[in-house]
Amino acid sequence: MHALKFDWNPVTGIDIVGNFKLHFYSLMWVIAFILGWYIMKRIYTKEKMNLEYLDPMFIYVVLSTMLGARLGHVLFYQSELISQDFFSIFLPFKFKGGFEFTGFQGLASHGAAIGVIIGMYLYRRKYKYKSLLWILDRLVIPVASGAVFVRIGNFINSEIIGKGSGDFPLGVRFIQDHYNEYEAVRRTGIKNVQDAYNAIANNPELLEAVPYRHPSQLYESFCYIFVFIILWYFYSKTPKRDRTGFLFGLFLVLLWTVRFFVEFVKEPQNSERADWILNTGQWLSIPLILVGLYFMFKYKPKTPVR
């Protein structure tokens, strides 16, 4: 088997004006949300639901996802921001060390999951056409498709990288992770950051220092394609669609099991806990998997779904 190894040094966005830049990572989130809206529209059309419910749901999902993901990242992985750069928690800007537009960065999937559940609870309190679990059973399908694009965005950004791949036939050298912007400019003497990275990519000596790593973002993204396919199959081809809570539980089990195992080849995001038997992402995944198993095999609705 031939080794599939390559260097990763992409243009991560398009410069607009000044420090403002259209990040491709942010664009992946936009694609995820738009695609999710169309999938939900197809589901609601199939079930003859009023499509007027979709627009407010979209707003609730976007806000709760982004807020939950951001707060989750800060609480689980970067709590120092609370004291060091508080306003960057809620705004797409970095204030410490100079003002800079950063776009959507520092987002945790566990926080996003909790945020969406809370958001749908609030949505359900206002729009009472179906039960909360009925909505979640269907919403998890577009959520799974969106996860595919979010992890592609992580790969484009050279973030949430994998551990060293050693002799494994698949490996990627993340140049922009190994050399931060300051280091790239210092080592090459080139002020333009992207040009500096390009110079490193063409410098055998500097490139040699960059280790090959597992493209854990692509592993995860690829697995999420199958999570989406499995959920869609159970929804469209089996009677499990009408078993309240089953699809929601199946989603939790599949997605967080994928996350649990991919974490074994991923660098810990919280360095203080790197020496634990399991890392933070794995500890957070276990209760979500258990909740999913409960909804798949134990949960019985107390009242009929309206």
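Reader: In which helix is the place of Arg-151, and is Arg-151 buried or exposed?
Author: Arg-151 lies in helix 5, residues 132-156, where helices are DSSP runs of H or I with at least four residues, numbered from the N terminus. This is a predicted model in which local features need pLDDT of at least 70, side-chain atom pairs count only at pLDDT 80 or more, and totals for chains, interfaces and linings use all residues. Residues are numbered from 1 along each chain as its sequence is written, and side-chain values use heavy atoms, with hydrogens and water left out. Because its relative accessibility is 8%, Arg-151 counts as buried (under 20% relative accessible area, with exposed over 50% and partly exposed in between; 1.4 Å probe, protein chains only).

Reader: Which side chain makes a polar contact with the side chain of Arg-151?
Author: A polar contact is a pair of N or O atoms within 3.5 Å, and within protein one must be able to donate a hydrogen and the other to accept it, while residues adjacent in sequence count only if both atoms are side-chain atoms. At 2.6 Å, the partner of the Arg-151 side chain is that of Asn-154.

Reader: Where is Glu-263 found, and which side chain does a polar contact join to that of Glu-263?
Author: Glu-263 sits in the loop between helix 11 (246-262) and helix 12 (280-297), and it counts as buried because its relative accessibility is 4%. The polar contact, of 2.4 Å, links its side chain to that of Arg-259.

Reader: How far apart in space are Glu-263 and Gln-282?
Author: The two residues are 19 apart in sequence. From C-alpha to C-alpha, the distance between Glu-263 and Gln-282 is 6.7 Å.

Terms used: Helix = DSSP H or I, 4+ residues; strand = E, 2+ residues; numbered from the N terminus.
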